[in-house]
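This briefing goes with the sequence and structure shown below. Please keep both in view while reading.

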Amino acid sequence: ARYRAGYPGQKEKEDPAMKENLNFYLGKQKSKSDCGGEFIDKMHTDWFGNYERLEVDHGYIQWLFPIREPGMNPLSEPLTAHEIDQMKPNPEVRTRLLTSYRLILDFFGMRLVDDATGEIARKEGEAWKPQYRNLQTSRHNYLRITRILKCLGELGLEHFQAPLCSHFMREVFGTGTGSGASGPLSNCAESLALYWIPVIKDDAARASLKAEVEKRLPGVYDPPSKGKGKGKGTP
């Protein structure tokens with residue numbers, strides 16, 4: 001709820017001098033992590049299709065998809081409202097963000113079909129299958145997807161949020177109409193319902209997807225039992 005509301009009161013506490021995310025996306029500085037750092041354009045070129053690197057390196061996702069919350073990489077900075085104001089209208093940043101999105105979608109076995117609508121599909125041929133198998137079992141990527149969705153919403157691509165979740169709906173629940181998850185990404189069902197769909201900023205799209213999930217997972221949006229809270233949703 002705080003995310004969709006724009007983190008009330010947070011901008012006043014943020015330091016306008018914090019510009020590492022902006023500078024990284026402008027190509028002026030390298031990322032920082034325990035595994036070293038790299039300029040964004042070189043990451044886009046050298047890391048595309050390097051699935052082992054994208055799987056095991058836990059310090060790049062905070063740079064490619066910055067959000068206004070601390071992440072698991074202590075060498076990265078949370079995105080600030082001041083950076084957002086400069087990054088959203090910048091065409092150079094927009095182009096690089098789309099490239100980051102294509103890179104991570106490819107890692108997940110997916111592709112961006114339409115830059116305007118955000119439509120997502122499987123990679124062509126059989127190339128999606130090994131990446132889906134990885135995503136089905138490597139659950140730390142589910143936290144990454146929460147971060148990606150939030151970043152899209154912060155940096156002017158909020159209309160991409162619902163199409164990504166819609167694609168996951170198809171891949172989680174399959175083609176049947178009954179309850180339960182039977183698709184190739186069935187293990188993503190809980191994250192889709194409780195973490196990904198709830199961050200969609202478009203109220204109508206969010207409500208529509210939640211209604212569809214409720215049909216497949218009855219009671220998933222019931223209040224949690226006393227003493228059982230939700231876990232963290234982003235890396």
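This is a predicted model: local features need pLDDT of at least 70, side-chain atom pairs count only at pLDDT 80 or more; totals for chains, interfaces and linings use all residues.

Which residues of H10 are buried? They are Ala189, Ser191, Leu192, Ala193, Leu194, Tyr195 and Trp196.

**Helix H10**

- Helix H10 covers residues 189–196.
- Of its eight residues, seven are buried, so H10 is largely enclosed by the rest of the structure.
- The cover over the buried residues of H10 includes H8, H9 and helix H11, which spans 203–216.

**H9 against H10**

- Two packed helices are described by the angle between their axes and the distance between the axes.
- Helix H9 is made of residues 161–173, and its axis comes within 9 Å of the axis of H10.
- The two axes cross at roughly 150°.
- Angles over 145 degrees count as roughly antiparallel, and H9 and H10 are therefore roughly antiparallel to each other.
- The crossing of H9 and H10 is left-handed.
- On the H9 side, the contact is made by Cys165, Phe168, Met169, Val172 and Phe173.
- On the H10 side, Ala189, Leu192 and Trp196 make the contact.
- Sorted by class, the residues in the contact of H9 with H10 are eight nonpolar, no polar and no charged.
- Ala189, Leu192 and Trp196 of H10 take part in this contact, and these three are also among the buried residues of H10.

**Leu103 in helix H6**

- Leu103 sits in helix H6, which runs over residues 91–108.
- Leaving aside residues up to four places away in sequence, Leu103 touches Met43, His44, Trp47, Phe48, Leu54 and Leu64.
- One of these, His44, is 59 residues from Leu103 in sequence, while the C-alpha to C-alpha separation in space is 6.9 Å.

**Asn141 in helix H8**

- Asn141 belongs to helix H8, residues 140–154.
- The side chains of Asn141 and Arg144 are joined by a polar contact of 2.9 Å.
- Residues three or four places apart in an α-helix point the same way, because such a helix has 3.6 residues a turn.
- Not counting residues up to four places away in sequence, Asn141 touches Glu55, Phe107, Phe108, Asn134 and Leu135.
- H8, the helix that holds Asn141, is also part of what covers the buried residues of H10.

Conventions. Residues are numbered from 1 along each chain as its sequence is written. Side-chain values use heavy atoms; hydrogens and water are left out. Helices (H or I, at least four residues) and strands (E, at least two) are DSSP runs, numbered from the N terminus. Contact means heavy atoms within 4.5 Å. Axes are lines fitted to C-alpha atoms, for helices over the stretch in contact, and angles run from 0 to 180 degrees between N-to-C directions. Angles under 35 degrees count as roughly parallel, over 145 as roughly antiparallel, 65 to 115 as roughly perpendicular and the rest as oblique. A crossing is left-handed if the near helix is turned anticlockwise from the far one by less than a right angle, and right-handed if clockwise. Ala, Val, Leu, Ile, Met, Phe, Trp, Tyr, Cys and Pro count as nonpolar, Asp, Glu, Lys and Arg as charged, and the others, Gly among them, as polar. A polar contact is a pair of N or O atoms within 3.5 Å; within protein, one must be able to donate a hydrogen and the other to accept it, and residues adjacent in sequence count only if both atoms are side-chain atoms. Buried means under 20% relative accessible area, exposed over 50%, partly exposed in between (1.4 Å probe, protein chains only).
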